[in-house]
Amino acid sequence: MARARLLLVGLEPDIVDYSKSPVPGLTAAKVRAAFEADCAKLETLGYSVKSLYVDDGRTAEAVLADALTADPYDCIMIGAGLRVVPPYFLLFEKLINVVHRHAPASTKLCFNSNPADTADAVKRWV
């Protein structure tokens, strides 16, 4: 049986202004570590995982469209930093529309609430 293919999309941690984050104490290093740990956990659970960091909007839509055109995914997770940090919400909407245009209709979407609960979000749908 083929492993479910996941695409995990998040903001490049080095460009985020963590002073605007609703999660206190976050840093780029903490976000990367949690994200990598969740990727490893998902691989251990039997998923095939690709991570995709995007910028703050200059190329994010094109980068996501390229990823979706290159490979089909069973589930796409868009990180909380794009949804809950107000300066990035419009980018989140744009990325959702990229997914809508380029992903197969059967592709599930899921959303984490912090950098450490991605596996839980994926397991809800795949």
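Residues are numbered from 1 along each chain as its sequence is written, and side-chain values use heavy atoms, with hydrogens and water left out. As the model is predicted, local features need pLDDT of at least 70 and side-chain atom pairs count only at pLDDT 80 or more, whereas totals for chains, interfaces and linings use all residues.

A pair of aromatic rings is described by the distance of the centres and the angle of the planes. Rings of Phe, Tyr and Trp (its six-membered ring) pair if their centres lie within 6.5 Å; planes under 30 degrees apart count as stacked, over 60 as edge-to-face and the rest as tilted. A search of the whole structure finds 3 aromatic pairs. In one of them, Phe35 and Tyr53 are tilted, with 5.2 Å from centre to centre and 40 degrees between the planes. Phe35 belongs to helix α1 (residues 28-44) and Tyr53 to strand β2 (residues 48-54), so this pair ties together parts that are 18 residues apart in sequence. Here helices (H or I, at least four residues) and strands (E, at least two) are DSSP runs, numbered from the N terminus. Buried means under 20% relative accessible area, exposed over 50%, and partly exposed in between (1.4 Å probe, protein chains only). Phe35 is buried, at a relative accessible area of 9%, whereas Tyr53 is partly exposed, at 25%.

The rings of Phe92 and Phe111 form an edge-to-face pair, because their centres are 5.8 Å apart and their planes stand at 75 degrees. Distant parts of the chain are linked by this pair: Phe92 lies in helix α4 (residues 89-102) and Phe111 in strand β4 (residues 108-111), 19 residues apart. Phe92 counts as buried, at 11% relative accessibility, while Phe111 counts as partly exposed, at 29%. Ring pairs join Phe89, Phe92 and Phe111 into a cluster.

Charged side chains also meet aromatic rings. A charge sits over a ring if NZ of Lys or CZ of Arg is within 6 Å of the ring centre and within 35 degrees of the ring normal. Arg32 lies over the face of Tyr53, at 5.2 Å from the ring centre. The charged end of Arg5 sits over the ring of Tyr73, 5.0 Å from its centre.

A nonpolar core is a set of buried Ala, Val, Leu, Ile, Met, Phe, Trp, Tyr and Cys residues joined through side-chain atoms within 4.5 Å. The largest such core has 27 residues, of which Leu7, Val9, Leu64, Ile76 and Leu82 touch the most other members. Two or more residues of this core come from each of β1 (5-11), α1, β2, α2 (60-70), β3 (75-78) and α4. Contact means heavy atoms within 4.5 Å. With its neighbours within four places in sequence left aside, Ile76 is in contact with Leu7, Val9, Leu68, Val99, Ala103, Thr107, Lys108, Leu109 and Cys110.

The buried residues of α1 are Ala28, Val31, Ala34, Phe35, Asp38, Cys39 and Leu42. These residues cover an arc of only 140 degrees around the axis, which puts them on the same side of α1; the arc is that of the directions from the helix axis to the C-beta atoms. They pack against β1, β2, β3 and α5 (118-125). The face of α1 turned away from its buried side carries the exposed residues Ala29 and Thr44. After α1 comes Gly46, whose phi is positive, near 105 degrees.

In helix α5, the buried residues are Thr118, Ala119, Ala121 and Val122. Their arc of only 160 degrees around the axis puts them on the same side of α5. The cover over these buried residues includes β1, α1, β3 and β4. Thr118 has 0% relative accessibility and, leaving aside its neighbours within four places in sequence, is in contact with Leu8, Asp38, Leu42, Met77 and Asn112.

Ala65 lies in helix α2 and is buried, with a relative accessible area of 13%. Not counting residues up to four places away in sequence, Ala65 touches Val98 and His102.
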